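Okay, quick one from me today. Let me put the structure up and then walk you through a few things.

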Amino acid sequence: MTVILRSGRRLLAPALLALLAGCHRAPAPRTRTVDITGLAFRPETLRVGAGDTVVWVNHDLVPHTATAPGFDTGSLARDGSARHVVTPSDAGGYQCAFHPTMRGVLLVE
Amino acid sequence: MHRRSLSLAVLLVAGATALPAQQQPAQQPPDLTDPEVAHVAVTANTIDVEAARFAQGRTTNAQVRQFARTMITDHTAVNQQAAALAQRLGVTPADNAVSRSLQSGAAEAHRAQQNLRGDAFDRAYMDREVAYHQAVLDAIDHVLVPTTENADLKQLLQDVRPAIAAHLAHAQQLRASLGNATR
């Protein structure tokens, strides 16, 4: 089957389908950073996509973790960092294992 | 002279001991030297590490043990930073009345806890930690930061403050969960 465009250009159906498919490619995974400062996760709530990478960076004097049922950065010393590739099951709260008043949230799209 | 200016500092930290809290009129910021400030910072951290080590060996409560572990981790980390800074600045920590007051308060608290077990120990330890961290926070705000001259030392104290505030909040939550002792 051939499709004739308004410009007069002719496209075979498979080519047209490939063109349309290219318009709906999934966005490339992103890397998002959570800064740990003043004993808080900043931003406290982070909106990410499944497949994105979250990097936690500790700027505090004291060690911290980012801990949830599905991930655990382990102890991060000052200037330490750790990364985690987000899955849909990571949606929800996490906290520092050393400082239970420190809490963050991942909203997974 | 330092004598009058240290009295406020001593009374602020003495509030964490068995001594009764006293009302004080507003005063000028006390005049501790930077070496004295460094000594107070190291002393305050060391005291809480030692109290936490004792608590780890005595408590059977998992949350109290976790709190004590955090005190050891955090106050050790802060002391490492303070020691590194003092070395970099060529500052030798100098003993002073505030440090001595902290130490006598700690000794008194240890004597009070030594013969306690179970829930009674947990409540006594957490009561002490609440009062101690409140006193340290007050000392940072009203004594140490105002009196410190060196910008890096002042920044270290300001950087430590959120950790002390978080310790206080954690201690208050944990203490509340332990309930009241029956007499």
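So, salt bridges between chain A and chain B: the count is zero. And keep in mind that this is a predicted model.

What do the two chains have between them, then? They bury about 1,200 Å², with 65% of that on carbon and sulfur atoms. The contact draws 11 residues from chain A and 18 residues from chain B. On the chain A side, three residues stand out: A:Leu61, A:Phe98 and A:Thr101 supply 44% of the area chain A buries against chain B, more than any other three residues.

Over all chains, the structure holds seven of them. One to click on is A:Arg30 with A:Asp52, where the closest N and O atoms sit 3.0 Å apart. That pair ties together distant parts of the chain, 22 residues apart. A:Arg30 is in the loop between α1 and β3 of chain A, while A:Asp52 is in the loop between β5 and β6 of chain A.

Now over to chain B, and a helix pair. Helix α5, residues 118–147, packs against helix α6, residues 151–177, at an angle of about 155°, and their axes are 9 Å apart. The cut-off for roughly antiparallel is over 145 degrees, so α5(B) counts as roughly antiparallel to α6(B). What's the handedness of the crossing where α5(B) passes α6(B)? It's left-handed. And by class, the contact of α5(B) with α6(B) has 14 nonpolar, five polar and seven charged residues.

That's my tour, over to you.

Definitions and conventions. Residues numbered from 1 in each chain as written. Chains lettered and ligands numbered in written order. Predicted model: local features only at pLDDT ≥ 70, side-chain atom pairs only at ≥ 80, totals over all residues. Heavy atoms only, no water. Axes fitted to C-alpha atoms, helices over the stretch in contact; angles between N-to-C directions. Helix = DSSP H or I, 4+ residues; strand = E, 2+ residues; numbered from the N terminus. Parallel < 35°, antiparallel > 145°, perpendicular 65-115°, else oblique. Left-handed = near helix turned anticlockwise from the far one by under 90°. Nonpolar A, V, L, I, M, F, W, Y, C, P; charged D, E, K, R; others polar. Contact = heavy atoms within 4.5 Å. Buried area = accessible area lost by both parts, 1.4 Å probe. Salt bridge = Lys/Arg side-chain N within 4 Å of Asp/Glu carboxyl O.
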